[in-house]
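Trainee: I would like to learn how to read a few features of a structure. Can we work through them one at a time?

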Amino acid sequence: MNSLQISPAVRRFRFVGILTVVSVYLLILVGGIVRSTGSGMGCPDWPKCFGQWIPPTEASQLPADYKEIYTAQRVAKNQKLARTLERLGFAQVAGSIFAHPTQYIETDFNAVKTWIEYVNRLLGALIGVFVFLTVVFALPYWRRDRPIFWLAFGSFVLTGVQGYLGSLVVSTNLLPIMVTIHMALALVIVALLLHAVDRAQWRLEKLGIVGEEQSEDYAAYSLPKMPAASLQWGLWAALLLTFWQIVLGTQVREQIDIVSAAAGHLGRETWVEQLGTTFSVHRTMSALVLLVNVYVCYELWQLGRARFSKLAIIMLGVVGMEIVAGIILAYFALPAAVQPVHLMLATVLFGVQFLALLAIARARKTPETIAPTDAARRVVA
């Protein structure tokens with residue numbers, strides 16, 4: 001075993017960073033459950049739920065005209081947003097938001113849906129705390145490795161923006177463009193957090209502050225032969241394809257909501273037939289996603305390092321499960337239980353691809369294996 005010890009500050013950052021990443025993925029899963037159960041408007045206001053910090057359990061706890069009250073609140077907020085956008089030169093966007101008919105539609109109170117959305121919000125607030133702690137525990141890196149601090153801080157700022165976007169998603173009654181932006185920003189936050197944690201781990205391995213069993217992992221960053229540029233570009237293509245597929249999937253989910261509402265939430269087996277071009281493109285692109293991922297996984301495996309082989313196996317496994325989930329959704333009447341799993345797998349694939357891209361980028365910068373120096377061995381990260 002390596003006799004070097006990791007400092008308590010580094011241990012805290014790694015623990016909180018990993019906990020935060022896992023929590024964000026959990027929130028994405030819960031968000032998928034919110035959408036699949038139609039609970040997105042379970043709380044018609046934000047940050048409170050029906051004007052309360054602890055939501056009601058029965059309609060009798062609400063005023064008789066609660067629908068009119070919360071519709072008026074949303075319209076007022078949207079008018080304010082529209083005026084702000086107009087001043088910034090986005091008059092067309094402002095008009096589309098304010099004119100969208102769904103903002104005037106208020107759903108009936110449903111205790112189950114209300115509490116599903118409320119749990120989603122509680123988890124979101126908890127993750128906000130985790131992200132803040134990640135920044136706090138990243139402060140020691142200000143002198144040691146400043147990019148780690150800035151990555152953590154950037155995720156914190158974007159988490160605040162994400163919270164505001166969440167309020168707009170509610171005020172616009174799940175306006176499609178708002179939901180899509182909300183999902184895309186979640187992926188950016190995941191990428192920043194993963195980058196911060198991964199860079200901290202890489203720094204330990206670079207300095208030799210790892211156990212004996214991790215020695216090959218550090219060597220994986222410094223290959224005797226530089227990985228081909230085509231592999232790096234292939235990973236970029238895989239990452240961007242996955243990102244775009246998630247965005248398209250969000251839009252498909254919005255179309256399902258429209259079809260479901262028009263059918264009175266009946267005849268689920270006919271919904272797929274009524275989906276438009278977006279669904280067809282989403283389904284067709286899955287074949288391209290598979291091909292690109294098979295290529296990059298093969299190239300990763302050919303590098304002959306345990307770390308890259310593990311990433312390749314995980315990537316292929318997640319792609320396989322994702323395709324199976326998609327087939328189940330398309331041919332078995334869109335089962336609600338599979339929808340959040342499908343989304344979760346896509347975001348996990350995005351994360352694995354991003355980690356592989358970071359590792360390959362480092363390997364291309366340091367093609368020769370570098371042994372830790374005596375000075376480095378005295379450093380406690």
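Trainee: Which residues in the largest nonpolar core touch the most other members?

Mentor: Keep in mind that this is a predicted model. The largest nonpolar core has 65 residues, and Leu235, Leu300, Phe308 and Met315 touch the most other members. Helix α13 gives the most to this core, with 14 residues.

Trainee: What is Leu235 in contact with, leaving aside its neighbours within four places in sequence?

Mentor: Leu235 is in contact with Val296, Met315, Gln353, Ala356, Leu357 and Ile360. There is also a second, separate core of 12 residues, which includes Val10, Ile148, Leu151 and Ala196.

Trainee: Next, the aromatic rings. How many aromatic pairs does a search of the whole structure find?

Mentor: The search finds 12 aromatic pairs. To classify a pair, look at the angle between the ring planes: under 30 degrees counts as stacked, over 60 as edge-to-face.

Trainee: Why is the pair of Trp142 and Phe149 edge-to-face?

Mentor: Because the ring planes of Trp142 and Phe149 are at 90°, with the centres 5.2 Å apart. Phe149 also pairs with Phe153, and that pair is stacked, at 6.0 Å centre to centre and 15° between the planes. Phe149 and Phe153 lie 4 residues apart in helix α6 (residues 146-171), about one turn of the helix.

Trainee: Is Phe149 buried or exposed?

Mentor: Phe149 is buried, with a relative accessible area of 9%. Trp142 is partly exposed at 34%, and Phe153 is partly exposed at 34%.

Trainee: What sits over the ring of Trp142?

Mentor: The charged end of Arg146 does, 4.0 Å from the ring centre. Elsewhere, Phe50, Tyr66, Tyr70 and Phe109 form one aromatic cluster.

Trainee: Now the backbone. What should I expect of phi and of peptide bonds in general?

Mentor: Most residues other than glycine have a negative phi, and most peptide bonds are trans. Departures from that pattern are the places to check.

Trainee: Where is Ala333, and what is its phi?

Mentor: Ala333 is in the loop between α12 (306-331) and α13 (338-365), and its phi is positive, near 65°. Leu334 is found in that loop between α12 and α13, with a positive phi of about 50°. Ala333 is partly exposed, with a relative accessible area of 25%, whereas Leu334 counts as buried at 4%.

Trainee: Which is the peptide bond from Trp46 to Pro47, cis or trans?

Mentor: That bond is cis, with omega near 5°. Pro47 is in the loop between α1 (8-36) and α2 (66-87).

How values were computed:
Residues are numbered from 1 along each chain as its sequence is written. This is a predicted model: local features need pLDDT of at least 70, side-chain atom pairs count only at pLDDT 80 or more; totals for chains, interfaces and linings use all residues. Side-chain values use heavy atoms; hydrogens and water are left out. Helices (H or I, at least four residues) and strands (E, at least two) are DSSP runs, numbered from the N terminus. Buried means under 20% relative accessible area, exposed over 50%, partly exposed in between (1.4 Å probe, protein chains only). A nonpolar core is a set of buried Ala, Val, Leu, Ile, Met, Phe, Trp, Tyr and Cys residues joined through side-chain atoms within 4.5 Å. Contact means heavy atoms within 4.5 Å. Rings of Phe, Tyr and Trp (its six-membered ring) pair if their centres lie within 6.5 Å; planes under 30 degrees apart count as stacked, over 60 as edge-to-face and the rest as tilted. A charge sits over a ring if NZ of Lys or CZ of Arg is within 6 Å of the ring centre and within 35 degrees of the ring normal.
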